[in-house]
Amino acid sequence: MTKLTLSSLLLPPLIFIVFASSPLTIASEAASRGNSKPIPRFMGKFAQPNGGRPFQYETRYFEQRLDHFSFADLPKFRQRYLISTEHWTGPEQMGPIFLYCGNEGDIEWFAANTGFVWEIAPRFGAMVLFPEHRYYGESMPYGSRDKAYANAASLSYLTAEQALADFAVLVTDLKRNLSAEGCPVVLFGGSYGGMLAAWMRLKYPHIAIGALASSAPVLQFEDIVPPETFYDIVSNSFKRESISCFDSIKKSWNILISEGEKNDGLMQLTKSFHLCRDLKRIEDLSDWLESAYSYLAMVNYPYPSEFLMPLPGHPIKEVCRKMDSCPEGTSVLERIFEGVSVYYNYTGEVECFQLDDDPHGMDGWNWQACTEMVMPMSSRQESSMFPTYDYNYSSYQEECWKGFSVKPRPTWITTEFGGHDFKTTLKIFGSNIIFSNGLLDPWSGGSVLQNISETVVALVTEEGAHHIDLRSSTAGDPDWLVKQRASEVTLIKGWIEDYHQQRNSIFSI
């Protein structure tokens with residue numbers, strides 16, 4: 001898959017996909033005292049390799065066209081991809097190819113956090129392929145990040161359509177070189193990668209026989225879902241653990257503003273929240289807190305994890321426990337610090353906090369959010385613990401123009417991939433797509449949550465969080481997660497068997 005402001009810009013991650021390192025912030029006319037609301041993003045901010053390589057693969061590079069949709073003589077670029085043929089049964093047995101659609105970040109990070117694909121590959125005799133998304137990681141057009149991100153002209157080839165074409169060209173060329181034209185391709189993806197997997201199945205049905213789209217908010221565009229959906233789900237995750245916890249967070253925003261307006265207020269907040277640098281704007285601290293709450297909702301896993309940060313199992317429960325167990329007389333902001341420290345400093349090793357680790361905010365997702373990945377967000381006073389915020393497209397457009405000299409195209413994604421009347425469209429034109437979602441994930445509100453047909457199915461779990469099904473299995477996996485993954489394996493097995501049966505019947509004629 002945060003707020004959209006170039007001073008502060010989904011996702012969720014995503015993707016993210018949740019908040020960009022320095023989110024684009026869209027100021028709200030309805031927000032009091034100039035408050036603005038970050039637009040959540042996916043996981044790209046965290047998508048950096050951490051040195052470990054839990055799975056074995058080769059790293060290769062493929063020369064890609066910069067623009068697949070013109071005949072202009074443009075420079076090509078090297079797309080990185082990870083490949084493992086360790087368990088592949090080869091072209092003779094038409095062993096399948098499991099292709100993960102790379103997200104908005106370093107592909108090694110996504111490979112390390114998608115254990116499900118690696119774990120099921122041996123039983124299918126599958127090749128595993130992780131192509132990197134253009135403009136992320138090492139897959140930089142023009143030879144360097146600085147040149148690729150130089151301006152709107154150099155960034156203009158960073159689109160979902162171009163990325164899907166990259167995947168299609170790469171796997172087609174790979175199959176041809178390996179004499180594996182008959183090997184079926186199954187797509188996987190989580191968050192923004194899940195959106196790409198679903199869209200690729202729809203746009204390139206001749207290349208991929210099916211797609212597992214986990215936590216893929218393909219409906220989070222225009223007015224298809226209510227704009228307050230994301231923040232309502234985050235808020236409900238806290239409310240279900242503790243009403244007092246929810247209320248403390250809801251009260252804290254006005255208290256932050258009041259404290260910040262005092263003569264030495266910003267300095268006192270700097271000390272209270274153990275910040276590494278002097279606080280210059282109250283909005284920076286608010287964004288930092290909002291990011292933590294949204295990410296906590298996304299990774300509210302039932303077991304300890306280090307996906308984004310080192311966190312305990314059921315982290316929101318732990319946040320609220322910390323806040324509610326403070327001694328009587330503890331101020332609201334002191335409780336907030338105790339709670340948010342679970343996310344930012346659960347290990348206790350952090351001495352001070354950096355509010356932003358990318359002062360320029362010019363990561364690739366900011367560009368994508370300012371061009372085609374326009375996802376309206378708002379926050380309602382009645383149901384949300386966040387400051388009230390009305391989606392304001394005019395402000396959004398102004399910020400994008402300031403940051404990139406580009407105007408968003410908010411209806412392009414639904415024009416290119418669909419979304420309106422999605423049930424009819426998917427029923428008529430779609431097949432072999434799994435939309436998997438956990439209802440604790442705030443991005444689930446923008447995904448497909450009902451079966452569309454016998455072959456376009458929704459696997460929904462009440463206690464699931466952001467693409468938990470794609471993560472490696474653990475001893476602490478609850479029964480519902482084990483069953484969900486078993487259902488996914490059964491469906492994928494059926495796709496492959498149907499492919500082989502149909503292919504054999506055609507060639508036997």
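A disulfide here is a pair of cysteine sulfur atoms within 2.5 Å. Keep that in mind as we walk through this predicted model, in which local features need pLDDT of at least 70 and side-chain atom pairs count only at pLDDT 80 or more, while totals for chains, interfaces and linings use all residues. Residues are numbered from 1 along each chain as its sequence is written, and side-chain values use heavy atoms, with hydrogens and water left out.

**First stop: Cys370 and Cys400**

Select these two cysteines and you will find a disulfide with its sulfur atoms 2.1 Å apart. The torsion about the S-S bond is -80°, a left-handed link. Cys370 sits in helix H13 and Cys400 in helix H14 (residues 393-404), so the pair, 30 residues apart, links distant parts of the chain; helices are DSSP runs (H or I, at least four residues), numbered from the N terminus. Both Cys370 and Cys400 are buried, meaning under 20% relative accessible area, where exposed is over 50% and partly exposed lies in between (1.4 Å probe, protein chains only).

**Second stop: Cys276 and Cys352**

Next, select Cys276 and Cys352, joined by a disulfide with an S to S distance of 2.0 Å. The torsion about this S-S bond is about 100°, so the disulfide is right-handed. Cys276 lies in the loop between helix H9 (265-272) and helix H10 (282-298), and Cys352 in the loop between helix H12 (332-344) and helix H13 (364-371). Is Cys276 buried or partly exposed? At 31% relative accessibility, Cys276 is partly exposed, and Cys352 is partly exposed too, at 34%.

Now pick Cys245 and Cys320, a disulfide with S to S 2.2 Å. Cys245 belongs to helix H8 and Cys320 to helix H11 (residues 315-324), 75 residues apart. Cys245 is buried at 0% relative accessible area, and Cys320 is buried at 3%. In total, the structure holds three disulfides.

**Last stop: helices H7 and H8**

To see where they meet, select Ser235, Phe238 and Lys239 in H7 with Ile243, Cys245, Phe246 and Ile249 in H8; contact means heavy atoms within 4.5 Å.

Definitions and conventions:
Helices (H or I, at least four residues) and strands (E, at least two) are DSSP runs, numbered from the N terminus.
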